[in-house]
Amino acid sequence: MPCADDRQQHNRYQQRIFDTSVECFRQAIPADVEKRTEQIIAAANPGAGDRVLDVGTGIGVLIPYIQRCGVGHIVGCDLSAAMLSEAQKRYPDARFWCGDVIDIPREMGPFDVVFFNAVFGNMWNQRHALASISAHLTATGRIIISHPMGAAFAEQLRAKDPKMVLHPLPSEKSMPELIRGLPLKLQYFSDQELLYLCILEYVPVTPSR
Ligand SMILES: C[S@@+](CC[C@H](N)C(=O)[O-])C[C@H]1O[C@@H](n2cnc3c(N)ncnc32)[C@H](O)[C@@H]1O
């Protein structure tokens, strides 16, 4: 059974790698990836008054896309202080929090939209991450799990470094099992060659009698 110490160790490994990867994330985003990133944001459809959390924000790649929707309240969360320091320089209007998303303080939320872009495979425990985040969602909140290079690309990264990317992106078949018993419902799922996009919406759990 995995324990908290294992999670800390996993997170320290992530930190170490991403603290030294800032330069690589500074590269310009290719036009096709940019287009698919726009599709991800459009599917989430954040409104001007929404509070948005970007999990594993890195240098804040998603932030300008979210800001273009008129969203003023954006929180970027990341394990890597070096990534966040670059994100902070780029997007001084956003708020940032350094740490594991499952430990994000209650007062940072609640959130209407939570993005996990190109990071869900890196979670120590995907179900635990979803359970923690669903406690920070508003009544109409949603979680967007996405990868603008697709699930097969994420699998290649996992094959290269299985310590870094621990899990595959959930399939349409495995997702219901992953969220079973959580206050979440699968609202949209699409696994195309170069775009993985899944939307989970908050549904309050009604106690069974
Ligand atoms: C591959 S980068 C993706 C960055 C960004 N989302 C993007 O689309 O370019 C993954 C980022 O997630 C962060 N990360 C990994 N696990 C995390 C966790 N449990 N909580 C918060 N951030 C995490 C890493 O430090 C890294 O900066």
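Me: Which residue in S5 is the bridge partner of Phe-111?
Reply: Leu-137 in S5 is the bridge partner of Phe-111. This is a predicted model, where local features need pLDDT of at least 70, side-chain atom pairs count only at pLDDT 80 or more, and totals for chains, interfaces and linings use all residues. Residue numbers start from 1 along each chain as its sequence is written.

Me: How many bridges join S4 to S5, and which way do they run?
Reply: S4 (residues 111-117) and S5 (residues 137-147) run parallel, joined by six bridges. Two strands pair if DSSP finds at least two bridges between them. Strands (E, at least two residues) and helices (H or I, at least four) are DSSP runs, numbered from the N terminus.

Me: Which strands does H6 touch?
Reply: H6 (residues 126-134) packs on the sheet and touches S4, S5, S6 and S7. The direction of H6 makes about 150 degrees with that of S5. Axes are lines fitted to C-alpha atoms, for helices over the stretch in contact, and angles run from 0 to 180 degrees between N-to-C directions. Contact here is two C-beta atoms, placed from the backbone, within 7 Å.

Me: OK, zoom out. What's the strand order in the sheet?
Reply: S3-S2-S1-S4-S5-S7-S6, an open sheet of seven strands with mixed pairing. S3 (95-98) and S6 stand at the edges with a single partner strand each, so one side of each has no neighbour in the sheet. On average, neighbouring strands of this sheet are turned by 15 degrees against each other, direction ignored.

Me: And S6 with S7, parallel or antiparallel?
Reply: Antiparallel, over eight bridges, with S6 covering residues 184-192 and S7 residues 195-202. A hairpin of two residues joins S6 to S7, and Leu-186 stands opposite Leu-200 in S7.

Me: Over to S2. Is S2 largely enclosed or open, and why?
Reply: S2 is largely enclosed by the rest of the structure, because five of its six residues are buried. Buried means 20 or more other C-beta atoms within 10 Å of a residue's own, exposed means 12 or fewer, and partly exposed is in between, with C-beta atoms placed from the backbone.

Me: What does S2 pair with on the S1 side, and on the S3 side?
Reply: S1 (residues 51-55) runs parallel to S2, joined by five bridges, and Asp-54 stands opposite Gly-76 in S2. S2 and S3 also pair in the parallel sense, over four bridges, with Val-75 opposite Arg-95 in S3.

Me: New topic: the ligand. How many residues surround the ligand?
Reply: 20, with Phe-18, Gly-56, Gly-58, Val-61 and Ser-80 the closest. A residue is near if its C-beta atom, placed from the backbone, lies within 6 Å of the molecule. The elements giving two or more residues to this shell are H1 (4-19) and S2 (73-78).

Me: How does the shell divide by residue type?
Reply: Eleven nonpolar, seven polar and two charged. Ala, Val, Leu, Ile, Met, Phe, Trp, Tyr, Cys and Pro count as nonpolar, Asp, Glu, Lys and Arg as charged, and the others, Gly among them, as polar.

Me: Which peptide bond is cis?
Reply: The one from Gly-109 to Pro-110, with omega near 0 degrees. Pro-110 is in the loop between S3 and S4.

Me: What's the phi of Asn-45, and of Ala-118?
Reply: Asn-45 has a positive phi of about 50 degrees although it is not a glycine, and phi of Ala-118, another positive value, is near 55 degrees. Most residues other than glycine have a negative phi.

Me: Are those two buried or exposed?
Reply: Asn-45 is exposed, with 12 other C-beta atoms within 10 Å. It sits in the loop between H3 (31-44) and S1. Ala-118 is buried, with 23 other C-beta atoms within 10 Å, and lies in the loop between S4 and H6.

Me: Where is Gly-70?
Reply: Gly-70 is in the loop between H4 (63-67) and S2. Its C-alpha atom is 4.6 Å from that of Ala-48, which is 22 residues apart along the chain.

Me: Last one: how many helices and strands in the protein chain?
Reply: Eight helices and seven strands. The chain's radius of gyration is 16 Å, close to the 17 Å from the globule rule for 209 residues, so it is as compact as a globular protein of that length. That radius is taken over C-alpha atoms, and the rule is 2.2 Å times the number of residues to the power 0.38. Of the 209 residues, 39% count as buried.
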